[in-house]
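This report is for a reader meeting the structure for the first time.

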Amino acid sequence: MRIPIIAGNWKMHKTAAESVEFVESIKDQVKGTDVEVVICAPYTLIHSVKEAIQGTNIKLAAQNMHWEDQGAYTGEVSPIMLKELGVEYCIIGHSERRQYFNETDETVNKKVLAALKHNIKPIVCVGETLEQRENGETDALVKAQVVKAFAGVPAERVAEIVIAYEPIWAIGTGKTATAEQANEVIYNIREVIRDLYGEEIYTEIRIQYGGSVKPSNIEEIMNQEDIDGALVGGASLKPDDFVGLVNF
Ligand code: PEP
């Protein structure tokens, strides 16, 4: 039985005061939910969100991390540092990081392995551009991203990883993949995990959809058989919208 996971990715938004206000205004409204509720905060807000979510069912994620434990990497943050702050999940390989900060399948793989080493659960993002979709490359591309991200991950750790299928053309654009389009790719991703790890494990891994999810389309997305939740950017910034997503 896979527990759905709704994760709000705040990207580069909010001050510490705003983050606390946000948590205060949603915490009672999300406490009865059956889904796992996660806030992916910028580094600067991790401490304030951690304090604010004490005693709630809201979990804390970072949006990125380096793969080394420590070292001369100015401006970077290591998994040890995140773990010390109480981070449970970390987004890895978001398309904005791949697009603007030169992240590759290789660095994504290093980060996945480093996160697992420090018991941080990776939320691994994969997805195609519009051009790749129109050229019929979606399945091959997403498969290659998943295979590379999971290189060296032992079978017993796979269920700790969440995959977020995020078609790049649907992120922050207002264009959502249809629920059927999303489910089709997510079904194929699960098949990739079956090929890599076998029957038992492939049913355990959670695969989210991300790309312009909002309260008005969450239900349709969540009703799809293979979709186990959503990674949400824009609609996670306003308390009412986020509550609507969690209580879809
Ligand atoms: C995201 O940030 O992962 C995302 C899917 O953004 P949005 O919901 O705004 O499309």
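Which residues are buried in α8? In this predicted model, the buried residues of α8 are A179, A182, N183, V185, I186, I189, R190, E191, V192, I193 and Y197. Helix α8 has 19 residues and spans 26 Å from its first C-alpha to its last, close to the 27 Å expected at 1.5 Å a residue. After α8 comes G198, and the phi of G198 is positive, near 95°.

**Helix contacts**

Helix α8 covers residues 179-197 and packs against helix α7, residues 138-149. Helix α7 also has a contact with helix α5, residues 105-117. The two pairs are set out below.

| Helix pair | Angle between axes | Axes apart |
|---|---|---|
| α7 and α8 | about 45° | 10 Å |
| α5 and α7 | roughly 40° | within 8 Å |

From α7, the residues T138, D139, V142, K143, V146 and V147 take part, and they meet V185, N188, I189, V192, I193 and L196 of α8. By class, the residues of this contact of α7 with α8 are 8 nonpolar, 2 polar and 2 charged. Several of the α8 residues in the contact are also buried, among them V185, I189, V192 and I193.

The axes of α5 and α7 cross at roughly 40°, and α5 and α7 are therefore oblique to each other as well. On the α5 side the contact is made by D105, E106, V108, N109 and V112, and on the α7 side by Q145, K148 and A149. The contact of α5 with α7 divides into 3 nonpolar, 2 polar and 3 charged residues.

**Two single residues**

Is S95 buried or exposed? S95 belongs to helix α4, residues 95-100. Its relative accessible area is 8%, and buried means under 20%, so S95 is buried. Apart from neighbours within four places in sequence, S95 is in contact with I168 and I171.

Where does D28 lie? D28 is in the loop between α1 (16-26) and β2 (36-41). D28 has a relative accessible area of 53%; the cut-off for exposed is over 50%, so D28 is exposed. Along the chain, D28 and I53 are 25 residues apart, and their C-alpha atoms are separated by 11 Å.

Conventions
Residues numbered from 1 in each chain as written. Predicted model: local features only at pLDDT ≥ 70, side-chain atom pairs only at ≥ 80, totals over all residues. Heavy atoms only, no water. Axes fitted to C-alpha atoms, helices over the stretch in contact; angles between N-to-C directions. Helix = DSSP H or I, 4+ residues; strand = E, 2+ residues; numbered from the N terminus. Contact = heavy atoms within 4.5 Å. Nonpolar A, V, L, I, M, F, W, Y, C, P; charged D, E, K, R; others polar. Buried < 20%, exposed > 50% of the residue type's maximum accessible area, 1.4 Å probe, protein only. Expected span 1.5 Å × (residues − 1). Parallel < 35°, antiparallel > 145°, perpendicular 65-115°, else oblique.
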